[in-house]
Amino acid sequence: MKTLKQYISEAQEKKTAIGHFNISDTVGLWGVFNSARKLKLPVIIGVSEGERDFIGAKQAVALVKSLRTQYDFPIFINADHTYSFERVKEAIDLGFDMVIFDGTELSFEENIRVAKQCVEYAKSQKPLFGERVLVEAELGYIGKSSKVLDAVPEGINLSDEYLTTAEQAKRYVDETGVDMLAPAVGNIHGMLAKWKDPALNISRVAEVSEATGVPLVLHGASGNTDADIQSAIKAGVAIVHVNTELRVAYRSTLDTTLSANPKEVAPYKYLAPSRDAVSQVVEEKMRVFSFLG
Ligand SMILES: [Zn+2]
């Protein structure tokens with residue numbers, strides 16, 4: 001099996017993207033894995049600090065690696081949105097394949113300082129599974145929600161002058177040495193309830209990609225149009241994150257299942273339709289990210 005870094009470079013060369021899907025439990029994990037296996041595409045499982053605290057960070061790593069070994073399948077695990085060096089270090093020590101340092105609420109200089117510390121720590125560790133842990137970092141604020149939103153959250157400005165610039169991005173990548181960069185290019189975390197998310201700034205994606213040379217990661221792709229996501233992939237995005245749409249599929253299917261079966265108490269029975277609903281969204285997304293039609 002190739003390493004995660006090789007899969008990411010391969011996606012970048014082919015101008016496709018690897019899907020990154022968040023989970024909170026094994027319902028989500030099997031939902032994602034079943035579709036990845038069906039389409040024979042590499043996949044990244046994401047767990048935020050909240051999600052990994054719920055599953056157990058060590059248990060999340062063990063679950064994903066057990067699927068990788070048992071099925072000889074390229075499924076990887078990312079410590080999504082990690083807000084401190086201490087928690088990045090913890091994720092690296094636990095054997096995550098990649099980790100995201102999110103310093104978007106820090107000043108630019110402080111964001112650089114901590115991201116650099118994370119990269120140095122990752123590089124100093126002996127690789128546990130063939131390659132060292134990859135470090136992604138974020139530049140530009142896109143919110144923190146994985147919810148269905150009524151409006152673009154406060155603090156996010158989608159005007160061009162607030163998006164990550166090629167110049168900032170280049171300096172950030174050069175100084176920190178991060179493997180991947182998640183820029184603010186008009187994307188927002190979460191998704192809007194009543195209409196599709198605002199259009200992405202594709203020319204900005206291309207400029208940042210050109211200036212930095214590292215694979216870009218698109219966060220908050222729930223709610224963006226397929227066409228917009230595909231244009232971003234062609235412009236340099238190699239990983240696309242989806243969370244909220246999976247949560248909505250899980251929850252709305254659970255509501256329907258419970259009201260249709262009010263007396264069912266076996267979780268593995270009333271949760272199975274939610275697992276399959278997650279699978280369906282994952283399959284649709286992976287087809288978009290790989291231009292499978
Ligand atoms: Zn994100």
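Residues are numbered from 1 along each chain as its sequence is written. Because the model is predicted, local features need pLDDT of at least 70 and side-chain atom pairs count only at pLDDT 80 or more, while totals for chains, interfaces and linings use all residues.

View 1. Let's start with α12, residues 272–289. Helices here are DSSP runs (H or I, at least four residues), strands are E runs of at least two, and both are numbered from the N terminus. Buried residues of α12 include S274, A277, V278, V281, V282 and F289 (buried: 20 or more other C-beta atoms within 10 Å of the residue's own, with C-beta atoms placed from the backbone). Among the elements covering them are β1 (18–22), α9 (226–234) and β10 (237–242). After the helix comes F291, with a positive phi near 55°.

**View 2. Where α2 meets α12.** The axes of α2 and α12 lie 8 Å apart, at an angle of about 40° (axes are lines fitted to C-alpha atoms over the stretch in contact, and angles run from 0 to 180 degrees between N-to-C directions). That makes α2 oblique to α12, oblique being whatever is left after under 35 degrees (roughly parallel), over 145 (roughly antiparallel) and 65 to 115 (roughly perpendicular). Look for V27, W30 and N34 among the α2 residues in this contact, and for R275, V282 and M286 among those of α12 (contact: C-beta atoms, placed from the backbone, within 7 Å).

**View 3. Where α10 meets α12.** Here the helices pack at about 145°, and their axes are 8 Å apart. From α10, the residues taking part include L246, Y250 and L254, while P273, A277 and V281 are among those from α12.

View 4. Which residues of α8 (residues 202–212) are buried? They are R204, V205, E207, V208, S209 and T212. An α-helix has 3.6 residues a turn, so residues three or four places apart point the same way. The buried residues of α8 pack against α7 (166–176), β7 (180–183), β9 (216–218), α9 and β10. Just after α8, look for G213, which has a positive phi of about 75°.

Key
The expected span of a helix is 1.5 Å times one less than its number of residues. A residue is buried if 20 or more other C-beta atoms lie within 10 Å of its own, exposed if 12 or fewer, and partly exposed in between; C-beta atoms are placed from the backbone. Two residues are in contact if their C-beta atoms, placed from the backbone, lie within 7 Å.
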